[in-house]
Amino acid sequence: MQKLSKVDTLKLKIIEDITLGVLQPGDKVYSRHQFMRRYTCSRGSIDKAVAALVKEGFLFSRQGAGTFVANRESVASKTERVYLIGNFGKKSAYSQIFQAGSLAAELQKRTDCFLCDYTDVNVNLENITRAGTAVIWDHPDHNQMMVMNYLRQLGVRQILVHRTFADYEYITMDYKAGISAGLDWLLEWSNEIAFFTTWTHTSSPFIAERQLCFFELAICKDIKVPSNWFFNDIDRKDDSFKKVEEQAFKIFKSDNPPKAIYADYCLHAPSIISAAQACGLKTGRDFRLLTFDYEHLLAKTDGVAMIKQDMNAFKDKLVDWVSNPNTPIKQQVKPELVFGK
């Protein structure tokens with residue numbers, strides 16, 4: 001969990017006084033000694049907090065007159081800069097729109113754009129909290145919540161990509177629509193489906209969302225998942241592939257192998273196909289395989305369908321969000337169903 005410094009905590013207390021109307025735009029702020037008594041803090045911390053709030057547009061100084069509360073609404077009506085915050089050290093299918101740089105390049109045409117890794121957020125807080133800043137969070141988890149709440153209290157615009165925490169603005173995939181289309185395709189062959197899923201974790205809440213969507217749709221579509229065809233004890237580490245292959249081999253070797261399989265982690269699909277081949281079975285001939293996210297290795301495999309994120313739609317909507325500060329977004333993007341050939 002990222003912790004706030006004493007100065008940042010003090011800034012929040014001053015911002016709270018401004019938000020509650022204790023300090024109004026145009027008011028002269030407290031003297032240093034009044035600050036120290038009100039917030040029980042040192043003179044050094046007050047000096048740093050006030051200087052930072054002046055730089056961020058919450059306060060302004062007049063030489064010889066003092067420091068006053070600024071009218072921040074007029075300053076922040078336009079997006080002056082955007083911070084794309086994500087886990088850039090981890091190559092993931094979920095961060096393609098950030099990793100490829102296409103979003104940053106498009107935003108750079110309209111305003112200043114900066115990339116910031118999760119590990120560097122605290123170092124860049126002074127710049128991120130300046131008036132006119134907008135923040136796009138890529139797959140944030142509970143470790144970023146404290147900073148997100150801090151930025152919210154400072155009035156910084158934020159939008160989450162692939163997350164729907166609290167009442168933050170967001171843009172995410174319409175999991176239900178994508179899974180529904182994929183299941184309809186599987187149902188053309190069988191209403192009994194083998195389901196391979198992975199462990200849920202606080203860092204990957206989307207897995208739980210996908211699982212809930214699958215089971216809800218399974219009930220609505222009268223899909224049956226035999227107990228010996230349900231595998232949910234799989235992690236997402238390198239050693240999981242062998243386990244998936246072993247589990248798949250058992251059901252393919254049975255007297256009644258599945259004709260329809262759904263794996264909600266695309267990198268496990270090759271292990272399932274390998275197990276089928278070892279049993280003399282083939283996708284497109286003996287069974288169909290549906291998986292979540294796009295994997296290039298599967299693009300030429302008949303009998304495979306992939307629920308693929310529409311990266312261009314994500315990019316367009318995020319650019320629109322940055323360009324229109326007064327237009328909040330809480331939206332789901334319908335994925336594509338891509339078939340192997």
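In strand β5, isoleucine 136 is the bridge partner of leucine 84. That pair is a handy way into this predicted model, in which local features need pLDDT of at least 70, side-chain atom pairs count only at pLDDT 80 or more, and totals for chains, interfaces and linings use all residues. Residues are numbered from 1 along each chain as its sequence is written, and side-chain values use heavy atoms, with hydrogens and water left out. Helices (H or I, at least four residues) and strands (E, at least two) are DSSP runs, numbered from the N terminus.

Two strands count as paired if DSSP finds at least two bridges between them. On to strand β6 (residues 157-161), which pairs with β5 over five bridges, again in the parallel sense. Here alanine 134 stands opposite arginine 157 of β6. Between these two strands comes a helix: β5, helix α8 (residues 145-153) and β6 make up a right-handed β-α-β unit. Right-handed here means that, with the strands pointing away from the viewer, the path from the first strand over the helix to the second runs clockwise.

How well covered is β5 (residues 133-138)? Six of its six residues are buried, where buried means under 20% relative accessible area, exposed over 50%, and partly exposed in between (1.4 Å probe, protein chains only). In a regular strand the side chains alternate between the two faces of the sheet. In β5, Thr133, Val135 and Trp137 point one way, while Ala134, Ile136 and Asp138 point the other.

Now for the sheet around β5. Six strands form an open sheet with parallel pairing, in the order β4-β3-β5-β6-β7-β13. Its edge strands, β4 and β13 (330-333), each pair on one side only. Ignoring direction, neighbouring strands of this sheet are turned by 15° against each other on average. At the β4 end, β3 and β4 pair in the parallel sense over six bridges, with aspartate 112 in β4 as the bridge partner of arginine 81. Helix α13 (residues 311-323) packs on the sheet, touching β3, β5, β6, β7 (169-173) and β13, and its direction makes about 170° with that of β6. Contact means heavy atoms within 4.5 Å, while axes are lines fitted to C-alpha atoms (for helices over the stretch in contact) and angles run from 0 to 180 degrees between N-to-C directions.

Arginine 110 counts as partly exposed because its relative accessibility is 46%. Leaving aside residues up to four places away in sequence, arginine 110 touches Val319 and Ser323. Its C-alpha atom is 9.9 Å from that of valine 82, which sits 28 residues away along the chain.

There is another sheet to look at. Six strands form this open sheet in the order β9-β8-β10-β11-β12-β14, and the pairing is mixed. β9 (230-234) and β14 (336-339) stand at the edges with a single partner strand each, so one side of each has no neighbour in the sheet. Within it, strand β8 (residues 194-198) and strand β10 (residues 260-263) pair in the parallel sense over three bridges, and alanine 194 stands opposite isoleucine 261 in β10. Helix α12 (residues 269-278) packs on the sheet, touching β8, β10, β11 and β12, with its direction at about 165° to that of β11. Ala269, Ser271, Ile272, Ile273, Ala275 and Ala276 are the buried residues of α12, and they pack against β8, α11 (240-252), β10, β11 and β12. Just after α12, glycine 280 takes a positive phi of about 80°.

Helix α9 lies across β10, β11 (288-292), β12 (304-308) and β14, running at about 175° to β11. Helix α9 (residues 175-187) also packs with helix α10 (residues 205-220), at an angle of about 50° and with axes 9 Å apart. That makes α9 oblique to α10; angles under 35 degrees count as roughly parallel, over 145 as roughly antiparallel, 65 to 115 as roughly perpendicular and the rest as oblique. Residues meeting there include Ile179 and Leu183 in α9 and Phe206 and Phe214 in α10.

Finally, helix α1 (residues 6-19) and helix α2 (residues 32-39) pack at about 100°, their axes 12 Å apart. α1 and α2 are therefore roughly perpendicular to each other. Leu10, Lys13, Ile14 and Asp17 of α1 meet Phe35, Arg38 and Tyr39 of α2.
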